[in-house]
Amino acid sequence: MDIPKRLIECLTRNNVRYEILHHTEAFSAQRIAEAEHVKAEHQAKVVMVGSGEQHFMVVVPANRRVDLEKVEQITGHAVSLDTEPEFKAFFPDCQVGTMPPFGNLYDLPTLVDRSLTHEDYIVFEAGTHTEAIKLSYFDYQQIVKPQIADLTVNVPLIQHV
């Protein structure tokens, strides 16, 4: 599967500079960060949460975990992690679990953890298990216009050795 056409068209239409990064097949944000030699706080991962029929794209650094209680405070609804069958249909042009953090391209509200706003750039999966995109955080925010909030727990994820 290729990088979603709608993503490339969006970046081109918005006249932003980006870099496509190729890496060995990876299935987690932590592994992609390692493959791309990027610090985990720059690697933006997408976590899908749902509340009834409403779904939200939550974007957090690879080394952090989503705090569902904080997401509930922002959305005003009880939320739970979406399962793969619950979100797979939203991203027909992406391999499962590789959706880019552009909820605006998929008609999904996008929430971004405040810690990512302090980074000069982010790296994120580009719809495949072998490609990522590096983009300035400022450009990302200008395009997506996400809601920014404190969305993660204070304890970083444990890295597997």
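Does phenylalanine 90 count as buried, partly exposed or exposed, and at what relative accessibility? In this predicted model, phenylalanine 90 counts as partly exposed because its relative accessibility is 28%, a value that lies between the 20% limit for buried and the 50% limit for exposed.

**Aromatic rings**

A search of the whole structure finds 5 aromatic pairs. One of these joins phenylalanine 90 to phenylalanine 91 in an edge-to-face arrangement, with 6.4 Å from centre to centre and 70° between the planes. Phenylalanine 91, at 4% relative accessibility, counts as buried. In another pair, the ring centres of phenylalanine 102 and phenylalanine 124 are 5.5 Å apart and the planes stand at 55°, so this pair is tilted. The pair links distant parts of the chain, since phenylalanine 102 lies in the loop between α4 (84–87) and β5 whereas phenylalanine 124 belongs to strand β6 (residues 121–125), 22 residues apart. Ring pairs also connect Phe102 and Phe124 with Tyr137 and Tyr140 in a cluster. The accessibility of the four phenylalanines discussed here is set out below.

| Residue | Relative accessibility | Class |
|---|---|---|
| Phenylalanine 90 | 28% | partly exposed |
| Phenylalanine 91 | 4% | buried |
| Phenylalanine 102 | 0% | buried |
| Phenylalanine 124 | 0% | buried |

A charged side chain also meets a ring: lysine 134 lies over the face of tyrosine 121, at 4.4 Å from the ring centre.

**Strand β3 and its partners**

Of the 8 residues of β3, 7 are buried, so the strand is largely enclosed by the rest of the structure. β3 runs antiparallel to β2, to which 8 bridges join it, and valine 49 has phenylalanine 56 in β3 as its bridge partner. The two strands form a hairpin with 2 residues between them, and glycine 52 in the turn has a positive phi of about 65°. With β5, by contrast, β3 runs parallel and is joined by 3 bridges; here valine 58 is paired with leucine 111 in β5.

**Helix α3**

Helix α3 (residues 68–75) has Lys70, Val71 and Thr75 as its buried residues. Seen down the helix axis, these buried residues fall within an arc of 130°, so they line one face of α3. Glu69 and Gln73 are exposed on the other side, while the cover over the buried residues includes β2 (43–51), β3 (54–61) and β5 (110–113). At the start of α3, a side-chain oxygen of aspartate 67 comes to within 3.0 Å of the backbone nitrogen of glutamate 69, and just after the helix glycine 76 adopts a positive phi of about 80°.

Definitions and conventions
Residues numbered from 1 in each chain as written. Heavy atoms only, no water. Buried < 20%, exposed > 50% of the residue type's maximum accessible area, 1.4 Å probe, protein only. Helix = DSSP H or I, 4+ residues; strand = E, 2+ residues; numbered from the N terminus. Arc of directions from axis to C-beta. Contact = heavy atoms within 4.5 Å. Polar contact = N/O pair within 3.5 Å; in protein donor to acceptor, adjacent residues only side chain to side chain. Pairing = 2+ DSSP bridges. Phe/Tyr/Trp six-rings, centres within 6.5 Å; stacked < 30°, edge-to-face > 60°. Lys NZ or Arg CZ within 6 Å of the ring centre and 35° of its normal.
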